[in-house]
Amino acid sequence: MHPDSQISATLVCWGNAWLTGQVGLDEAADRVERQAGPQLVAGETGDVSLRGFLADLRVEGMRSLRLALPVAGDPLGLTGPPSFNSAAIEAGQAAIAVFPGRCLGLVPARDRRGSSYAGVRWSVLAASINIPDIPSLAEAEHALTMAMREATDALTGVAGPAQGYRSAQPLDDG
């Protein structure tokens with residue numbers, strides 16, 4: 001996936017809106033496809049549409065979707081197993097379908113066929129049922145505030161370009 005793509009976040013937001021009855025399945029799937037083109041999920045018997053896949057997951061008891069935005073060295077939102085973590089870190093994102101007693105990891109990848117088709121193909125991997133150790137909103141806000149203070153202190157301590165600069169003297173034409 002392109003590092004700037006937020007397709008997993010879009011899927012999680014619209015998928016949870018659908019699961020809580022705020023929007024219909026068609027609207028949720030259309031919004032996800034509007035961002036990145038056609039969405040297919042790699043199934044055991046072949047690719048299926050994202051819309052059909054989500055409907056099947058709900059019948060199986062899916063309760064919610066979680067977002068993971070990992071990078072190498074910071075697997076934020078991931079709890080394993082290693083095969084899922086590796087795929088999610090390589091993609092830089094993943095969605096996790098939460099069921100009673102189990103989870104499925106959904107990892108996006110660009111799907112290009114020919115010169116004009118561009119979409120997303122989701123791989124489905126087993127994911128751990130453990131709840132990820134992610135900071136609470138208050139903790140994240142505190143960390144951001146502290147980082148801003150440290151950056152401000154560092155910048156105010158720098159004298160800037162005035163160091164070693166001598167005021168320009170007019171040239172003597174004489």
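**Figure 1. Secondary structure of the chain.** Five helices and six strands make up the secondary structure of this predicted model (DSSP runs numbered from the N terminus: helices H or I, at least four residues; strands E, at least two). From the N terminus, the order is α-α-β-β-α-β-α-β-β-β-α. Of the 174 residues in the chain, 32% are buried (under 20% relative accessible area, 1.4 Å probe, protein chains only). Among contacts (heavy atoms within 4.5 Å) with a separation of 6 or more, 57% join residues 24 or more positions apart.

**Figure 2. The buried face of helix α3.** Helix α3 spans residues 50-59, and its buried residues are Leu50, Phe53, Leu54 and Leu57. Seen down the α3 axis, they fall within an arc of 95°, so they line one face of the helix (arc of the directions from the helix axis to the C-beta atoms). Just after α3, Gly61 has a positive phi of about 105°.

**Figure 3. Helix α2 against helix α3.** The axes of α2 (residues 25-36) and α3 come within 10 Å and cross at roughly 135° (lines fitted to C-alpha atoms over the stretch in contact; angles from 0 to 180 degrees between N-to-C directions). On the α2 side, Leu25, Asp26, Ala29, Asp30, Val32 and Glu33 make the contact; on the α3 side, Leu50, Arg51, Leu54 and Ala55 do.

**Notes.** Residues are numbered from 1 along each chain as its sequence is written, and side-chain values use heavy atoms, without hydrogens and water. In this predicted model, local features need pLDDT of at least 70 and side-chain atom pairs pLDDT 80 or more, while totals for chains, interfaces and linings use all residues.

Definitions and conventions: Buried < 20%, exposed > 50% of the residue type's maximum accessible area, 1.4 Å probe, protein only.
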